[in-house]
Amino acid sequence: MLNDDALDLIFRKARTHNAWRDRSVTDDDIRRIYELVKWGPTSANMCPARFVFVRSREAKERLAPALSSGNLEKTMAAPATAVIGYDVKFFERMDYLFPHNAAMADFYRNGPEAAEDAGFRNGTLQGAYFMIAARALGFDIGAMSGFDKDKVTAAFFAGTSVKANFLCNIGHGDESVLLERHPRLDFDEACCFV
């Protein structure tokens with residue numbers, strides 16, 4: 001079991017950041033995050049998430065036209081932004097990822113609606129694993145859905161079967177400008193036993 005310090009780092013004291021300190025996020029940092037992410041469970045081990053890491057000024061300029069006004073400044077200032085997408089043709093890798101049951105790949109290959117649904121759901125799971133892994137390795141994150149998905153898909157996944165899902169800024173946040181922490185629902189407000 002993780003100790004309280006680790007749980008605080010990942011969940012209880014972790015915050016969504018909108019401002020960033022001047023510290024880079026390196027290729028090695030990103031690889032370390034992904035090396036944790038890849039072990040998170042997905043249905044039939046389908047692993048549909050695809051990640052594009054945007055760091056250069058030129059790449060940020062490609063992303064900028066798709067961002068809502070509230071997300072533009074913080075994204076341009078972030079050391080890195082993960083474009084988290086999902087491959088609707090994830091089944092093309094299932095012979096490798098789920099070799100003991102080839103029929104699973106055929107099920108999704110022959111059912112595009114099921115593939116879209118499963119790809120989106122499991123790609124979103126992997127995006128959440130990404131945020132947890134980044135926090136576990138000492139980074140701060142700021143996930144966003146305020147952007148034009150079609151523009152991001154065209155800018156970063158053109159000519160592929162990958163669609164944009166959400167964005168996540170990564171870096172070392174500036175705690176001095178954090179808003180007061182907002183409340184969360186208590187157990188009895190969000191959960192029940194049946």
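The second largest pocket is lined by Phe11, Ala14, Arg15, Thr16, Asn18, Arg135, Leu178, Leu179, Glu180, Arg181, His182 and Arg184, and its volume is about 250 Å³. A pocket here is an open set of points on a 1 Å grid over the protein atoms alone, where a 1.4 Å probe fits and protein lies on both sides within 12 Å along at least five of seven lines, while lining residues have an atom within 4 Å of a point. The volume is the space filled by probe spheres set on the points, which are joined across faces, edges and corners. By class, this lining has four nonpolar, three polar and five charged residues, where Ala, Val, Leu, Ile, Met, Phe, Trp, Tyr, Cys and Pro count as nonpolar, Asp, Glu, Lys and Arg as charged, and the others, Gly among them, as polar.

The model is predicted, and local features need pLDDT of at least 70, side-chain atom pairs count only at pLDDT 80 or more, and totals for chains, interfaces and linings use all residues. Residues are numbered from 1 along each chain as its sequence is written, and side-chain values use heavy atoms, with hydrogens and water left out.

The largest pocket has a volume of about 310 Å³. Its lining consists of 13 residues, of which Tyr34, Lys38, Cys47, Tyr96 and Leu97 lie nearest the centre, and it divides into eight nonpolar, two polar and three charged residues. Strand E1 (49-54) and helix H5 (94-97) each supply at least two lining residues, with the largest share, four residues, coming from E1; helices (H or I, at least four residues) and strands (E, at least two) are DSSP runs numbered from the N terminus.

Tyr34 also belongs to a cluster in which ring pairs link it with Phe51, Phe53 and Phe130. The whole structure holds nine aromatic pairs. The rings of Phe51 and Phe53 are stacked, because their centres are 6.1 Å apart and their planes stand at 5°, given that rings of Phe, Tyr and Trp (its six-membered ring) pair if their centres lie within 6.5 Å, and planes under 30 degrees apart count as stacked, over 60 as edge-to-face and the rest as tilted. Phe51 is buried at 18% relative accessibility, whereas Phe53 is partly exposed at 26% (buried means under 20% relative accessible area, exposed over 50%, partly exposed in between, with a 1.4 Å probe and protein chains only).

Ile141, in strand E3, is buried at 2% relative accessibility. Not counting residues up to four places away in sequence, Ile141 touches residues including Arg15, Thr16 and Arg135, which also line the second largest pocket; contact means heavy atoms within 4.5 Å. Ile141 and Gly171 are 30 residues apart in sequence, yet their C-alpha atoms are 6.5 Å apart. His172, in the loop between strand E4 (162-171) and helix H9 (187-190), is buried at 8%. Leaving aside neighbours within four places in sequence, His172 is in contact with Trp20, Arg21, Arg23, Gly138, Phe139 and Asp140, and Trp20 is also touched by Ile141.

In helix H4 (residues 69-77), Asn71, Lys74, Thr75 and Met76 are buried, and what covers them includes helix H3 (57-63), strand E2 (80-87), strand E3 (140-144) and E4.

The structure holds zero disulfides, a disulfide being a pair of cysteine sulfur atoms within 2.5 Å. The sulfur of Cys192 is 7.8 Å from the closest cysteine sulfur, in Cys191, too far for a bond. Cys191 is partly exposed at 35% relative accessibility, and Cys192 is exposed at 64%.
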